[in-house]
Amino acid sequence: MRLEPINNPSFARKLVPPALALSATILIASLLAMVAGANPFSVLGLIIKGAFGSKFALLETLNRATPLIFTGLAVAVAFRAKFWNIGAEAQLYAGALITVLLGTGALAWPSGVILPVIALIAVFAGAVLLLVPALLKTRFGVDEVVTTLLFNFIFLLFISMLLEGPLKDPMGMGWPKSARLIPEASLPRIVDGLRLHWGFALAIISALCVWVIQTRSTLGYEMRAVGLNKQAAGFAGIPVNLVLVKTALLSGGLAALGGFSEVAGLKGSLTLDLSPGFGYTGIIVAMLALLNPLGVVIAALFVAGIFVGADSMSRAAGVPTYLADIMLAVALLLMVLAIMLTRFHVVRD
Amino acid sequence: MDIIDILFTASFWAAAIRIASPLIFATLGELICERAGVLNLGIEGIMVSGAFAGWMAVYSGTGLWVGVGVAMGVGMLFGLLHSTLTVPFGLSQHVVGLGVTLLATSSTYYAYRLALPEVTSPPKIVAFQPYEIPLLSDIPLLGPAVFSQTPLTYLAFVLVAVVGLVLYRTPLGLAVRAAGENPAAVAAQGLSVTAIRMGAVIIGSGLMAVGGAFLTMSAFDSFFFEMVNGRGWICIALVVFGSWRPGKAMLGAVLFAAFDALQIRVQQTSIGAQVPYQIFLMMPYILSILALVVMSRRAEVPAALMVPFNKGER
């Protein structure tokens with residue numbers, strides 16, 4: 001078999017493969033639920049109900065989506081330029097680390113000053129953390145996939161070291177946990193009484209900013225050009241390495257902002273379980289969104305919904321929560337296949 | 001104990017060889033995939049699946065070698081999935097690889113929770129036991145270090161030679177290497193690039209899974225979450241470090257494992273006890289990055305690595 005590009009894909013051609021991918025994902029999840037001895041319809045119903053079925057569930061989903069929007073944006077920006085940042089996990093922790101370093105009493109300023117200052121320094125820290133793999137790539141040709149992946153392990157151990165050492169909360173009953181943020185360094189709730197903080201709004205604003213950068217700025221154009229064809233971009237006079245470094249700074253900064261938002265908005269302190277893999281899940285979010293920054297918001301809500309829904313489904317139906325991770329992995333693989341099939345014929349020879 | 005003294009104990013080198021074994025299996029697996037032109041980032045998840053599948057098979061009553069076969073079979077299934085998506089369909093090897101890692105890891109954990117819903121601590125199996133090779137194991141230092149290992153370790157080192165011979169001394173190996181260097185030439189010979197690449201990924205993924213199975217069936221005797229803990233990513237670095245050659249990759253794995261065994265022992269010395277243990281745990285990852293930086297300059301990357309091949313396209 002071989003692949004032949006379709007010049008003018010019809011509307012059906014654009015719609016049918018992704019729809020089939022989604023249906024197949026649901027089918028596979030149903031089969032797995034049956035393997036676990038549960039009724040697949042009630043399992044899927046419980047997931048949807050647990051994610052969007054009540055005000056509490058919906059707020060929980062929005063909260064869970066917030067860090068995923070940041071990491072999803074970080075990945076989307078980087079992957080667009082074919083810079084494979086798999087290290088959003090570490091960059092998120094870098095932002096969280098800065099937040100507790102500066103927000104637990106080191107700076108005693110009013111909210112309006114301290115929050116933007118911490119956010120900016122957090123962005124800077126995440127950007128610097130990704131700068132190392134970026135420079136290793138542009139200077140030495142070291143593949144960034146492996147370096148960013150390995151950085152995740154190194155940086156988490158570093159955080160663990162700090163939490164058991166200098167950052168350990170003396171009032172923490174021996175747990176490896178940082179001190180709590182001062183009230184001025186905490187992000188307020190958007191509406192009083194509703195458990196949703198300004199980090200969510202910041203995530204939406206970030207998505208809009210990234211969308212503007214990608215579609216309306218020279219940098220966005222250069223990033224796309226580098227991603228499509230490095231050689232051609234170089235011939236056209238685009239400074240490829242510089243664009244890659246700028247991409248990395250933006251990507252690392254976005255992921256770090258997610259760490260800031262998660263600590264300042266939700267958790268209030270830093271622990272080693274701050275992120276249950278938000279950095280890695282960001283890859284799924286970005287791919288499901290086809291690397292579109294506004295799509296990232298929708299994909300993050302969808303992915304967060306599956307996670308939150310699966311948690312409550314698991315408690316009710318006794319099916320392991322890992323069903324959510326399987327669904328997302330299957331959705332990811334089938335979706336990249338489906339997207340390809342909207343643009344290519346498979347020809348037998 | 002002084003660090004120099006540690007280097008001259010048989011138990012240290014025995015540990016190094018033991019730690020190197022799963023890395024050798026998985027590095028060989030990744031090397032075969034990459035030699036044929038396919039980067040397989042599914043390695044981490046495939047190792048998890050192999051670790052569970054092999055152990056679970058033995059726990060359910062099969063023999064140890066059957067367990068190894070089961071692990072290999074599960075790995076090959078994930079290899080089939082990976083290669084179907086990346087070779088004939090030419091999808092991004094980065095995205096598919098990460099997707100396969102996620103799928104293999106989560107479905108393994110799902111299966112574990114279904115198979116053993118009630119357990120608090122994972123049950124143990126009777127794992128592979130060390131086998132002292134007659135005569136050779138009597139050599140001082142070398143005997144207890146190298147020739148008193150489990151059969152799975154011997155298999156790992158034998159495989160290095162086998163993979164090297166096949167790659168460099170057989171038409172099949174030539175075809176695999178050519179598929180990674182110049183696929184158009186392979187197609188011009190009337191061979192199927194698709195079949196060669198898919199076969200390489202499937203076999204390679206099987207070896208990765210055996211590397212995972214080594215953890216639960218030889219190094220330890222039960223399955224834990226997070227057990228593989230980045231070993232797959234380290235193997236990808238080892239392939240680069242070994243310049244895509246089985247022998248050099250094996251040396252890299254042993255060197256790496258020796259360093260790992262050393263840091264465990266230094267941790268227990270009086271000086272080591274004053275350093276946070278996380279510093280020692282970081283070392284393998286830092287070492288991998290340094291190795292990549294040093295080797296990348298003169299790396300002989302397969303020319304068609306990560307380049308999909310579509311017949312009829314020029």
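User: What does A:Thr138 touch, leaving out residues up to four places away in sequence?
Analyst: In this predicted model, A:Thr138 touches A:Asn241, A:Leu244 and A:Val245.

User: Which helix is A:Thr138 in?
Analyst: Helix 5 of chain A, residues 111–140.

User: Buried or exposed?
Analyst: A:Thr138 counts as buried, because its relative accessibility is 18% and the cut-off for buried is under 20%.

User: And A:Thr147, where does that lie?
Analyst: A:Thr147 lies in helix 6 of chain A, which covers residues 144–164. A:Thr147 has 0% relative accessibility, so A:Thr147 counts as buried too.

User: What is A:Thr147 in contact with?
Analyst: Setting aside neighbours within four places in sequence, the contacts in chain A are A:Pro133, A:Leu136 and A:Val142. From chain B, B:Ile289 and B:Leu292 are also in contact with A:Thr147.

User: Switching to B:Asn229. Where is that?
Analyst: B:Asn229 is in the loop between helix 10 and helix 11 of chain B, the latter being residues 231–241. At 41% relative accessibility B:Asn229 counts as partly exposed.

User: What does B:Asn229 touch, not counting residues up to four places away?
Analyst: One residue of chain A, A:Phe153, plus B:Glu44 and B:Tyr285.

User: How far is B:Asn229 from B:Ala20?
Analyst: Their C-alpha atoms are separated by 15 Å, and the two residues are 209 residues apart along the chain.

User: Helix 8 of chain B next. Which of its residues are buried?
Analyst: Helix 8 of chain B runs over residues 171–181, and its buried residues are B:Gly173, B:Ala175, B:Val176, B:Ala179 and B:Gly180. They cover an arc of only 160 degrees around the axis, so they sit on the same side of helix 8 of chain B.

User: Why would residues three or four places apart point the same way?
Analyst: Because an α-helix has 3.6 residues a turn.

User: What is exposed on the other side of helix 8 of chain B?
Analyst: B:Pro171 and B:Leu174 are exposed there.

User: And what covers the buried residues of helix 8 of chain B?
Analyst: The cover includes helix 2 (10–35), helix 7 (151–169), helix 9 (183–188) and helix 10 (193–219), which belong to chain B.

User: Zooming out to chain B as a whole. How many helices and strands?
Analyst: Chain B has 13 helices and 0 strands.

User: What about its radius of gyration?
Analyst: Chain B has 20 Å, which agrees with the value near 20 Å for a compact globule with 314 residues. The C-alpha trace of chain B spans about 65 × 50 × 40 Å along its principal axes. Buried residues make up 57% of chain B.

User: How many helices and strands in chain A?
Analyst: Chain A has 13 helices and 2 strands. The radius of gyration of chain A is 21 Å, close to the 20 Å that the globule rule gives for 349 residues, so chain A is as compact as a globular protein of that length. Of those 349 residues, 55% count as buried.

How values were computed: Residues are numbered from 1 along each chain as its sequence is written. Chains are lettered from A and ligands numbered from 1 in the order in which they are written. This is a predicted model: local features need pLDDT of at least 70, side-chain atom pairs count only at pLDDT 80 or more; totals for chains, interfaces and linings use all residues. Side-chain values use heavy atoms; hydrogens and water are left out. Helices (H or I, at least four residues) and strands (E, at least two) are DSSP runs, numbered from the N terminus. The radius of gyration is taken over C-alpha atoms; the globule rule is 2.2 Å times the number of residues to the power 0.38. Buried means under 20% relative accessible area, exposed over 50%, partly exposed in between (1.4 Å probe, protein chains only). The arc is that of the directions from the helix axis to the C-beta atoms. Contact means heavy atoms within 4.5 Å.
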